Structures are given as structure tokens and as C-alpha cells.
Amino acid sequence: MARKKKKKLQELIKQEFSKIVLNDLKNPGIGFVTITQVELTNDLRHAKIWLSAYGSKEEQEKTIQAIAHSLGYIRSEIGKPIRLKFVPELNLQTKKSLE
């Protein structure tokens, strides 16, 4: 049962994170980015967000920095549709992407 809940929450966080980055963040520094995976700890307190940014090295770094700067806002927005006792702390992880 716990595994199903964790997998479902991971998918919900991934979807909400993607929606927020796509629709809500108005930072011009955010380029094309894909959220590839979300990994929650067993206590659901921490979430690793795996993402891939596309473009030149400078564009990738600018995108990742802009998203990292907005993590507090993203976390608060994720907590609205997903009713949890604690909204997980978000930690960005990057994957290599094609340029």
C-alpha cells in the first residue's frame, strides 16, 4: 500500500511541478526543460526532482538557476492541489541533455 501511495505522489508532484514551470513561472531565463523523474524519501519529507535543460551550456545553467531560485514558490504551489501534512522539500538534480 505504501509503495502505491509513494508512486502516485511522485507522479502527482512531477505533473504539478511541470505545470507550474510551464504556466506560472514568468522568468525569461527559463528555457526548454523536461522534468524526467521525482524521487520521494520513505517519510515523504524530501523530493529529488530530476530535470533536463536543453540549449547551450549557458542557457542550461540559466534555466536551472531560475528554477532553483523559484523552488519556494513551486513548493507552495505544489502543496495546494496535493493535500499532505507536509509538503516535501524540493531538491533539484540535473541530467545531461542533448545540445
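I take helices (H or I, at least four residues) and strands (E, at least two) as DSSP runs, numbered from the N terminus. With that settled, I looked up Tyr 54, which has its place in the loop between E2 and helix H2 (57-69).

**What I am working with.** I note that this is a predicted model, in which local features need pLDDT of at least 70 and side-chain atom pairs count only at pLDDT 80 or more, while totals for chains, interfaces and linings use all residues. Residues are numbered from 1 along each chain as its sequence is written, and side-chain values use heavy atoms, with hydrogens and water left out.

**The chain as a whole.** I found three helices and three strands in the chain, and from the N terminus on I read their order as α-β-β-α-α-β. The radius of gyration, taken over C-alpha atoms, is 13 Å, close to the 13 Å that the globule rule (2.2 Å times the number of residues to the power 0.38) gives for 99 residues, so the chain is as compact as a globular protein of that length. Along its principal axes the C-alpha trace spans about 45 × 25 × 15 Å. Of the 99 residues, 34% count as buried, where buried means under 20% relative accessible area, exposed over 50%, and partly exposed in between (1.4 Å probe, protein chains only).

I then turned to contacts, meaning heavy atoms within 4.5 Å. Among those between residues at least 6 apart in sequence, 66% join residues at least 24 apart.

**Tyr 54.** I looked up the accessibility of Tyr 54, and at 30% it counts as partly exposed. Tyr 54 and Val 33 are 21 residues apart in sequence, yet their C-alpha atoms are 6.1 Å apart in space.

**Leu 44.** Most residues other than glycine have a negative phi. Leu 44, although not a glycine, has a positive phi of about 65°. With a relative accessibility of 18%, Leu 44 counts as buried. Leaving aside its neighbours within four places in sequence, I list Lys 5, Lys 6, Leu 9, Phe 86 and Pro 88 as the contacts of Leu 44. Glu 61, by comparison, is 17 residues from Leu 44 in sequence and 28 Å from it in space, C-alpha to C-alpha.

**H1 against H3.** I checked how helix H1 (residues 2-24) and helix H3 (residues 71-79) pack, and the angle is about 125°, with their axes 10 Å apart. Axes here are lines fitted to C-alpha atoms, for helices over the stretch in contact, and angles run from 0 to 180 degrees between N-to-C directions. Angles under 35 degrees count as roughly parallel, over 145 as roughly antiparallel, 65 to 115 as roughly perpendicular and the rest as oblique, and H1 and H3 are therefore oblique to each other.

On the H1 side I noted Ile 13, Glu 16, Phe 17, Ile 20, Val 21 and Asp 24, which meet Leu 71, Tyr 73, Ile 74, Glu 77 and Ile 78 in H3.

**Gly 79.** I ended with Gly 79, which lies in helix H3 and, at 21% relative accessibility, counts as partly exposed. Gly 79 and Glu 16 are 63 residues apart in sequence and 9.4 Å apart in space, C-alpha to C-alpha.
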